[in-house]
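Here's a quick tour of the fold and its metal site. Have a look at the model first, then read on.

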Amino acid sequence: MTTIYSARWIVPVSAAPIENGAVAVEGQRIARVGAYAEIVETFPEFKVESLGEAIIIPGLVNTHTHLELTAMRGYLEETDFFAWLRKLTVARLELMTPDDIRVSATWGACEAVRAGITCVADASDSAMMSMLALRDVGLRGVVYQESFGPDARFAEENFEKLKTKVEALRALESDLVRAGVSPHAPYTVCGPQLELIAEFARAERLPLMMHAAESAAEELFVREGCGSFAERLARRAIEWKAPGVSTIQYLKQVGVLDVRPLLAHCIRVDDRDIEILRDTGANVAHCPKSNAKLGHGRAPFEKFIEAGVVVGLGSDSVASNNTCDILEEARFATLLARAGGARVSAEEALRVATFGGELSEGAQADLAVVALDGVHQLPSYDPIATLIFASSGRDVILTVVAGREVYRNGRVSNVDEDRLRAHMLEISHKLNG
Ligand SMILES: [Zn+2]
């Protein structure tokens, strides 16, 4: 398919905004970005789609999701973290069928493309279901198979289980969707299991994602071997010898940082940790709304940017957020940083929200079109300021992944949302008991 998308504003991110511009898309790739008249003259045979008072940006990237948990939006409003985790685990393992989990993940994927998200980093216990969901909706992404196991006596056994699951997951890989591994967190996966998984990821060239430095409880657990996580292990007669360093230094010791992992949260980090993150090329998924809602604090977003740490934005699961909306995260991240006295510009926020994506010749044609004519947006003197400070995912009118339209004007292209909605209602009745 060959199409020219034109709009009042094109923001390539890697270059200056173009007023009255256009993006020519040929197959999966961008053929040219420039002024409307020039593009139409260069490609006279292309179909022209005029999107009017709107802004075209590179697709938004959600660097931390758990799409399988979408059915639990608003279900886990407990403020105690352990009660939260327990209710989630019972719902996922005892109440929901594999088909329910697939529908839940697909509903989450629909929400993502409706919000202009073209790529997700999704960690999932039922990774196969999440991968099918991405494929059905047409999203790009990495689906990380989660692994748990705080008890070193079962590290080998748990690792073998992970390998079997990853093998099955890899059979579903496509041009757009890749498999990865996710040892859940330092307090749910023991050191020997982390070492095995890191080595496996290195040998098999698998992307690795994990939760890191998320809470005060985790810091106490890793630095001093006490607090609520340590007490829970002690009650289950599981041995834990705290390494006595920060989470980031611990992950370096066990080899996780050797594979340039994607680390979600990174709230409890000091300047030395930030240097380690930069020097090892680790990527950070900053999830400001989830962190705030769960009361975990705020990651030093502006310090990551200043230090040159690769940072993206994540919604986390909608069970803790409660929406999958990267424009919202970008606004929230910027406002929080500024509330703390840091200067983060709207341009910087957009760069982080698109995670290195750009509109340029030869790039994958992943793009989002955001309407700029809402009452809540007008007047607009600066398109990027309007985008970051006055817009949300609900203003998106078109989402394109690898040249294919996956969402347009209220309709997700590749799945039957009415059928999914009915099934989601059934799941919610079941979870409500
Ligand atoms: Zn998470």
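With 433 residues, the protein chain would have a radius of gyration near 22 Å as a compact globule, and its 22 Å agrees with that (taken over C-alpha atoms; the rule is 2.2 Å times the number of residues to the power 0.38). This is a predicted model, where local features need pLDDT of at least 70, side-chain atom pairs count only at pLDDT 80 or more, and totals for chains, interfaces and linings use all residues. Residues are numbered from 1 along each chain as its sequence is written, and side-chain values use heavy atoms, leaving out hydrogens and water.

Along the principal axes, the C-alpha atoms fill a box of roughly 70 × 45 × 40 Å. Buried residues (under 20% relative accessible area, 1.4 Å probe, protein chains only) make up 58% of the chain.

Now for the metal. Which residues hold the zinc ion? The protein donors (N, O and S atoms within 2.8 Å of the metal, or 3.2 Å for Na, K and Ca; water is not among the atoms, so sites may look incomplete) lie 2.1 to 2.6 Å from the zinc ion:

| Residue | Donor atom |
|---|---|
| His64 | NE2 |
| His66 | NE2 |
| His211 | NE2 |
| Asp316 | OD |

In sequence, the spacing of these donor residues reads H-x1-H-x144-H-x104-D. His66 sits in the loop between strand 6 (60-65) and helix 2 (81-95), and His211 in strand 10 (residues 209-212), so this pair ties together parts 145 residues apart in sequence. Helices (H or I, at least four residues) and strands (E, at least two) are DSSP runs, numbered from the N terminus. His66 is buried at 8% relative accessibility, and His211 is buried too, at 5%.

Technical notes: Buried means under 20% relative accessible area, exposed over 50%, partly exposed in between (1.4 Å probe, protein chains only).
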